[in-house]
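Subject: Structure for your review

Dear colleague,

Please find below the sequence and the structure that I am handing over to you. My account of what was found follows directly after them.

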Amino acid sequence: MTEDIGERVVELAKRRGFFFQSNGAYGGVSGFYTYGPQGATLKSNVENAWRDRFAVQEGHQEIDAPTVMPEPVFEASGHLDGFDDMLVECPECGESHRADHLVEDATDIEDAEAVPISEVEEMIAEHDLVCPNCGTELAGEPVQDFNLMFETNIGPGSSQPGYLRPETAQGIFVEFPRLKEYARNQLPFGVTQIGKAYRNEISPRNSIIRVREFTQAELEHFIDPEEDEPPLERVEDVEVTLYPASEQNKENGDYVETTVGDAVEDGILTNEWVAYYLGVAKPWYERVGVDMDRFRFRQHLPGERAHYAADCWDAESEIDGDWFELAGLAYRSDYDLSKHGEYSDEEFTLFKQYDEPKTVERATVDPDMSYLGPEFGGQAGEIADALETKAERDRTAFDGDTVSVEVDGDEYVVPAERTGFAVEEVTESGEHITPHVVEPSFGVGRVVYTVIAHAYREDEVDGEERTYLELDAEVAPTTVGVFPLMDKDGMAERAREIAAELRENGLDVTYDDSGAIGRRYRRQDEVGTPFCVTVDYETLEEGTVTVRERDTTEQTRVDVDELAESLAGLRNGGRTFDELLAPADAE
RNA sequence: GCGCCGGUGGUCUAGUGGUAGGACAUGAGCUUCCCAAGCUCAUAGCGCGGGUUCAAUUCCCGCCCGGCGCACCA
């Protein structure tokens with residue numbers, strides 16, 4: 001059972017309603033998946049657990065932004081340039097190469113991505129570029145443009161191009177000017193979002209691991225890089241498995257088993273914010289059911305980092321020997337806010353008040369325009385600006401009787417008395433700063449997939465093979481199955497009453513009275529239902545039911561009156577099944 | 001996007017130039033009653049399009065989808 005867990009999970013997911021490829025009736029489309037009844041609930045439980053940990057427990061606020069955004073947003077974010085790859089295919093061996101990279105290697109052009117495709121094609125011919133793989137001439141081969149964002153038109157006509165967001169983050173960044181108001185202009189603050197993101201992947205693979213539409217759970221934590229420090233002490237004892245870039249480069253690179261605190265001290269984790277979220281993320285993954293023996297944090301290699309990331313560690317999990325990314329924990333510095341500030345009409349800064357107002361001397365000018373105008377005509381305005389700049393940089397220039405400034409290469413001389421030069425004391429109470437961003441970015445579908453795969457078990461009960469999911473009760477789609485032992489003598493009616501009562505107490509309940517009891521247990525085992533309640537003759541006579549635990553298949557009797565409370569305790573971890581097996585009065 | 005392999009009920013599969021059989025699952029009934037038991041019956045399938053042929057699920061071509069490898073993964 002150690003092999004092909006992936007295949008078995010996909011089969012189980014299809015059969016039992018966790019997830020399956022969408023649009024099957026129309027032949028299916030690669031890279032799109034639908035979560036079925038079990039999967040949608042599991043996914044939503046994972047999202048709620050994330051929301052609890054990364055929004056509620058951290059004191060951050062959640063927003064919900066549109067998935068379609070106008071083109072200028074992505075000009076600013078760098079996504080329009082960053083993902084627009086140019087590929088050229090070798091006519092001989094069929095291998096694809098990055099055309100811009102080939103041109104960069106052959107010329108002194110550093111950023112060939114910015115060069116139009118037609119020119120790149122010309123350059124390939126001009127420099128007689130050949131396929132790096134087999135040496136065939138590439139001249140005349142078409143250069144293709146790969147656009148990883150889904151494009152659309154907003155409104156009638158095509159006047160306003162838009163894109164489906166390739167990450168939920170931009171929906172947070174673009175609203176920063178307003179979000180900072182809600183945070184009362186105080187750093188640090190964090191904004192979370194759980195939502196869909198879209199990437200038109202060239203080749204979707206591996207079931208729901210690489211898809212074209214997926215759910216992200218992201219936190220953008222805005223901080224003052226000079227003052228704010230993470231509460232590292234809360235996570236310093238968290239044990240982590242690290243795979244630093246330095247080890248990945250070695251032949252036999254090793255993991256570093258350490259704690260968050262030690263890793264920071266030893267300089268393995270250089271960014272304390274990233275370290276902090278590593279320490280938050282690990283117990284969270286454990287909580288929702290990721291196997292910690294198949295989990296690690298891997299540092300991005302320098303060439304691997306996204307265009308915005310200063311440092312980045314991925315949370316990764318392993319299935320069938322393959323490691324894949326579950327989350328990226330990135331320090332994005334002020335990249336995004338600066339870019340949006342530059343490209344948009346708004347300020348993406350925040351006014352930071354000094355502890356004490358500073359009194360500074362400032363040289364100012366107040367040029368006499370009634371003199372400058374007649375004297376210098378059209379140049380007067382620019383001369384006034386030049387005087388202001390000069391005053392800021394070199395106040396001694398105003399010591400003499402005249403001041404000379406240069407405008408467009410010509411020198412102009414202005415009598416000092418006409419400049420309105422003065423040195424004043426100004427009180428500055430603060431400054432505008434661009435916050436830095438720490439971004440834990442989680443792929444929700446990948447967590448769901450991992451949780452199912454890591455929970456997948458096969459064992460034998462009474463000589464019969466059994467498949468079950470050892471899901472944590474917090475994320476299991478159904479908490480309890482309720483069955484009548486037989487559909488007669490009023491047991492079914494009683495079981496229905498009990499099911500309704502448990503639902504009123506907020507439990508996810510499935511009722512089932514079909515076929516034999518064992519079959520019903522197995523059905524629930526396969527979707528990971530942790531507990532099953534069976535109504536039998538004793539229920540009718542004495543008011544007790546059996547509660548059966550999924551992993552051990554052990555049973556114990558519980559009073560119907562205490563059932564809802566017991567099950568709620570089992571679900572939220574306040575009580576264990578062993579305690580039910582050995583009641584408190586045994587002492 | 002390229003190359004190789006594949007696509008048969010819900011799932012897993014057998015098979016064929018004369019339109020298909022099994023297992024499991026599902027539903028109804030009988031029986032049994034705390035771990036996928038048994039019996040009877042029922043529902044349900046050849047990815048899509050074109051070609052060859054009297055006849056195509058089968059052979060050929062194209063497309064779609066899946067697996068693996070390459071490339072890509074901002």
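**Strand β26 and its sheet**

In β26, Phe531, Val533 and Val535 point one way while Cys532 and Thr534 point the other way, and all of them are buried. Please bear in mind that this is a predicted model. In a regular strand, side chains alternate between the two faces of the sheet. Five of the five residues of β26 are buried, and the strand is therefore largely enclosed by the rest of the structure.

β26 belongs to an open sheet of five strands with mixed pairing, in the order β25-β24-β26-β27-β28. The edge strands are β25 (509-511) and β28 (555-559), each of which pairs on one side only. From one strand to the next, the twist averages 30°.

β24 and β26 pair in the parallel sense over five bridges, with Val482 opposite Val533 in β26. β26 and β27 pair in the antiparallel sense over four bridges, and here Val533 stands opposite Val547 in β27. Strand β24 (residues 480-484) is also joined to β25 by three bridges, and these two strands run parallel. Gly481 has Thr510 as its bridge partner in β25.

Two helices accompany the sheet. Helix α16 (residues 491-504) packs on the sheet and touches β24, β25, β26 (531-535) and β27 (544-549); its direction makes about 160° with that of β24. Helix α17 (residues 517-526) lies across β24, β25, β26 and β27, and runs at about 170° to β24.

**The nonpolar cores**

The largest nonpolar core has 105 residues, and those with the most contacts inside it are Val274, Leu278 and Ile452. Helix α11 (residues 272-288) supplies the largest share of this core, 11 residues. Domain 1 (5-61 + 163-336) and domain 4 (478-586) both give residues to this core, so it lies between them. Leaving aside residues up to four places away in sequence, Val274 touches Leu269, Asp311, Trp313, Leu329, Tyr331 and Val438. There is also a second, separate core of 11 residues, which includes Leu372, Ala386, Leu387 and Val414.

**Helix α11**

α11 has 17 residues and reaches 25 Å from its first C-alpha to its last, close to the 24 Å expected at 1.5 Å a residue. Because 13 of the 17 residues of α11 are buried, the helix is largely enclosed by the rest of the structure. Just after α11, Gly289 takes a positive phi of about 110°.

Three strands form an open, antiparallel sheet in the order β4-β9-β8. β4 (68-70) and β8 (151-153) stand at the edges with a single partner strand each, so one side of each is left without a neighbour in the sheet. The twist in this sheet averages 40° from one strand to the next. β4 pairs with strand β9 (residues 161-164) in the antiparallel sense over three bridges, and Val68 stands opposite Leu164 in β9.

Finally, strand β22 (residues 456-461) and strand β23 (residues 464-469) pair in the antiparallel sense over six bridges. Glu460 has Glu465 as its bridge partner in β23. The hairpin of β22 and β23 has two residues between the strands, and Asp462 takes a positive phi near 50° there.

Yours sincerely

Technical notes: Residues are numbered from 1 along each chain as its sequence is written. Chains are lettered from A and ligands numbered from 1 in the order in which they are written. This is a predicted model: local features need pLDDT of at least 70, side-chain atom pairs count only at pLDDT 80 or more; totals for chains, interfaces and linings use all residues. Two strands pair if DSSP finds at least two bridges between them. Axes are lines fitted to C-alpha atoms, for helices over the stretch in contact, and angles run from 0 to 180 degrees between N-to-C directions. Two residues are in contact if their C-beta atoms, placed from the backbone, lie within 7 Å. A nonpolar core is a set of buried Ala, Val, Leu, Ile, Met, Phe, Trp, Tyr and Cys residues joined through C-beta atoms within 7 Å. A residue is buried if 20 or more other C-beta atoms lie within 10 Å of its own, exposed if 12 or fewer, and partly exposed in between; C-beta atoms are placed from the backbone. Domain bounds come from an automatic or database domain assignment. The expected span of a helix is 1.5 Å times one less than its number of residues.
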